[in-house]
Amino acid sequence: SRITSLFSDAINLAYEIDQINFSSYDQVVVFHAGIGQDFSLPFLDPTPEDIPSTFVDNEMIINNLGVSLNRLSLYQDASEAYENAIKINPKNPEVFENLGSALMNNGEFERASAVLRKSIKLNPKNINALMYLGTALATQNKIEEAFEIFDSVLKLEPKNAEIHYNIGSIFQDIGSFENAVDAYSAAISLQYDYVDAWYNLGLTFRSQGNNADCLLYTSDAADE
């Protein structure tokens, strides 16, 4: 998105200075005359953050517009931007993933699930899309399907603490507290400072009537 912002700023500045009619051109090149890491000379300091060569097309611009709108909580507008990007390139799994995320943020979980499945079809190892899909299915009370998705993610990334945490959340929601404890404990063993896992583990102990451990683990979460 920073590359897209640089491109936008350069185009706007060029128009302000020279009133260039960019609609008359098929392609526009923004040339950055930085030394970067291209030269290794003892008397020159490298540019702190070199800018790589890249091709900024309409899909990239519209997709990053959607990312910005999503961050501003303008989920409907973000969804429309992603849909326009998909019209340009219907084979980009990242854009489908982004659309699915925006739809979830907007409470459209069923539609999000369908979109995320398209992302996964294009890239079966798309961890983020799989995680979103599992969460969307759980929110729709499709627990078995959600577990299947999370299990597939665990096979790809068995040491992903967030997956164990999400599985724990589902177990907690359906009242399977022993399994929830196991899942939260696994998340904490992988990421000791996982505050939400500590806290939910404490709440799970409270649901089991174990107030001593509840106090212990919620206190640990507060300390973290």
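The model is predicted. H164 and T204 count as buried. S73 and N141 have positive phi values and are not glycines.

**Buried helix positions**

- H164 sits in helix α8, which spans residues 161-173.
- The relative accessibility of H164 is 15%, so H164 counts as buried, the cut-off being under 20%.
- Leaving out residues up to four places away in sequence, H164 touches L154, P158, A183, A186, A187 and L190.
- T204 belongs to helix α10, residues 195-207.
- T204 has 0% relative accessibility and therefore counts as buried.
- With residues up to four places away in sequence left out, the contacts of T204 are Q172, F177, A180, V181 and Y184.

**Loop positions with positive phi**

- S73 lies in the loop that joins α2 (58-71) and α3 (75-88).
- Phi of S73 is positive, about 65 degrees, although S73 is not a glycine.
- S73 counts as partly exposed because its relative accessibility is 44%, between the 20% and 50% cut-offs.
- N141 is placed in the loop between α6 (127-139) and α7 (143-156).
- N141, a residue other than glycine, has a positive phi near 70 degrees.
- The relative accessible area of N141 is 63%, which is over 50%, so N141 is exposed.

How values were computed: Residues are numbered from 1 along each chain as its sequence is written. This is a predicted model: local features need pLDDT of at least 70, side-chain atom pairs count only at pLDDT 80 or more; totals for chains, interfaces and linings use all residues. Side-chain values use heavy atoms; hydrogens and water are left out. Helices (H or I, at least four residues) and strands (E, at least two) are DSSP runs, numbered from the N terminus. Buried means under 20% relative accessible area, exposed over 50%, partly exposed in between (1.4 Å probe, protein chains only). Contact means heavy atoms within 4.5 Å.
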